[in-house]
Amino acid sequence: MMEKTIDFTFANSLLKPRPQDGHKGTFGHALIIAGKYGMAGASVLAAKACLRTGVGKVTVLCPHKNNDILQIAVPEAILRHDPSETLFSEAIDIDAYDAVAIGPGIGTEGITAQALHEQLKVISESDRKRPLLMDADALNILSQNPSWADDIPDGTIITPHKGEQKRLRDADINLNKFIFVDKGHPTIVFSSFGGEGSSFLCPYGNDGMATAGSGDVLTGIITGLLAQGYDSESAAILGVTLHALAGDAATAALGSHSVIASDIIEFMPEAFKIIRGTSH
């Protein structure tokens, strides 16, 4: 397996140029399925982080009771309402979207599990291949239903924390079909899809990022890159680097005890500047 430590030069080489005459349609449309009632914050954080990557549009699929929260917290996001008042309960078409993320804060209720399974089928059977990221409760549901892994497109990005990793491994799910982001310090991206396998170690980040919602932010960042046309491996590598550098900038400004997930989003512009070599 090829092993590489990510540095600024490598991360910068992955950045796509942004055409000066581009418009919101140029930079992709991301779909985020996140946040049952009581967990709206997961969808807020993921959507805000996604927008900070430079994506053109973000749609959040949400239950009706999360409408007002999202409209106020993320006015830039488009909302699509699930029939349920409180849960993700029904798969939707994905024709309008360039990338899909599923999982943060959706819960593991039976109706949500079935909706997830149907959504995976919609994605895998689509005429146009769209990159997919699965996180949090989507992975917890998968660990309870390991045969559903067959309905997940190869090369899908998964971003489990340590507990979710254990549940997936205990369920004997073949993680080699995924681009696997091993969250922690350091964060490592494992990519076995389409070759002999590679790992990319991100040396940045700090303990201030060990806070609720940090993973939702990472989901949003990577999804925004996917929607802009980055291949899944590049999106994962660049995404974890931006996330970590934004966390480092937030900690430098605020101290590690005081960083919250929203701060990581606020320092995303600094992370881009660092990678480009324009930070002062």
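The model is predicted, and residues are numbered from 1 along each chain.

**Stop one: H7 and H8**

Begin by selecting helix H7, residues 214–227, together with helix H8, residues 232–254, whose axes come within 8 Å and cross at roughly 135°. The two helices are therefore oblique to each other, and H7 passes H8 in a right-handed crossing. To see what touches what, show the side chains of the contact, which include Val217, Leu218, Ile221 and Leu225 on H7 and Ala235, Leu238, Val240 and Leu242 on H8. If you colour the residues of this contact by class, you will find eleven nonpolar and four polar, with no charged residue.

**Stop two: H2 against H7**

From H2, the residues Ala42, Leu45, Ala46, Ala49 and Cys50 meet Asp216, Val217, Gly220, Ile221, Thr223 and Gly224 of H7. This contact of H2 with H7 divides into seven nonpolar, three polar and one charged.

**Stop three: H8 against H10**

Now return to H8 and select helix H10, residues 268–276, as its partner; the axes of H8 and H10 come within 8 Å and cross at roughly 115°. That makes H8 roughly perpendicular to H10, and here the crossing is right-handed. Among the residues that make the contact are Leu238, Leu242 and Leu245 of H8, along with Met268, Phe272 and Ile275 of H10. By class, the contact of H8 with H10 has ten nonpolar residues, one polar and one charged.

**Stop four: the largest pocket**

Next, select Lys183, Met209, Ser214, Gly215 and His243, which of the 32 residues lining the largest pocket lie nearest its centre. About 590 Å³ of space lies in this pocket. Helix H5 (137–144), helix H6 (162–170), H7 and H8 are the elements that give two or more residues to the lining, and H7 gives the most, with four residues. Colouring the lining of the largest pocket by class shows twelve nonpolar, 13 polar and seven charged residues.

**Stop five: the cavity**

Which residues line the largest cavity? Select Ile33, Ala34, Gly35, Leu61, Cys62, Pro63, Leu87, Phe88 and Ile106, and you will have the lining of the largest cavity in view. The structure holds one cavity of 30 Å³ or more, and about 30 Å³ of space lies in the largest cavity. The lining of the largest cavity divides into eight nonpolar residues and one polar, with no charged residue.

**Stop six: two backbone details**

Most residues other than glycine have a negative phi, and most peptide bonds are trans. With that in mind, select His185 and Pro186, which are joined by a cis peptide bond with omega of about 5°. Pro186 lies in the loop between strand E8 (179–182) and strand E9 (187–191). Finally, move to Ala136, a residue other than glycine whose phi is positive, near 55°. Ala136 has its place in the loop between strand E6 (132–134) and H5, and H5 is among the helices you selected around the largest pocket.

Terms used. This is a predicted model: local features need pLDDT of at least 70, side-chain atom pairs count only at pLDDT 80 or more; totals for chains, interfaces and linings use all residues. Side-chain values use heavy atoms; hydrogens and water are left out. Axes are lines fitted to C-alpha atoms, for helices over the stretch in contact, and angles run from 0 to 180 degrees between N-to-C directions. Angles under 35 degrees count as roughly parallel, over 145 as roughly antiparallel, 65 to 115 as roughly perpendicular and the rest as oblique. A crossing is left-handed if the near helix is turned anticlockwise from the far one by less than a right angle, and right-handed if clockwise. Contact means heavy atoms within 4.5 Å. Ala, Val, Leu, Ile, Met, Phe, Trp, Tyr, Cys and Pro count as nonpolar, Asp, Glu, Lys and Arg as charged, and the others, Gly among them, as polar. On a 1 Å grid over the protein atoms alone, a cavity is a set of points where a 1.4 Å probe fits but cannot get out, and a pocket is an open set with protein on both sides within 12 Å along at least five of seven lines; lining residues have an atom within 4 Å of a point. Grid points are joined across faces, edges and corners, and a volume is the space filled by probe spheres set on the points.
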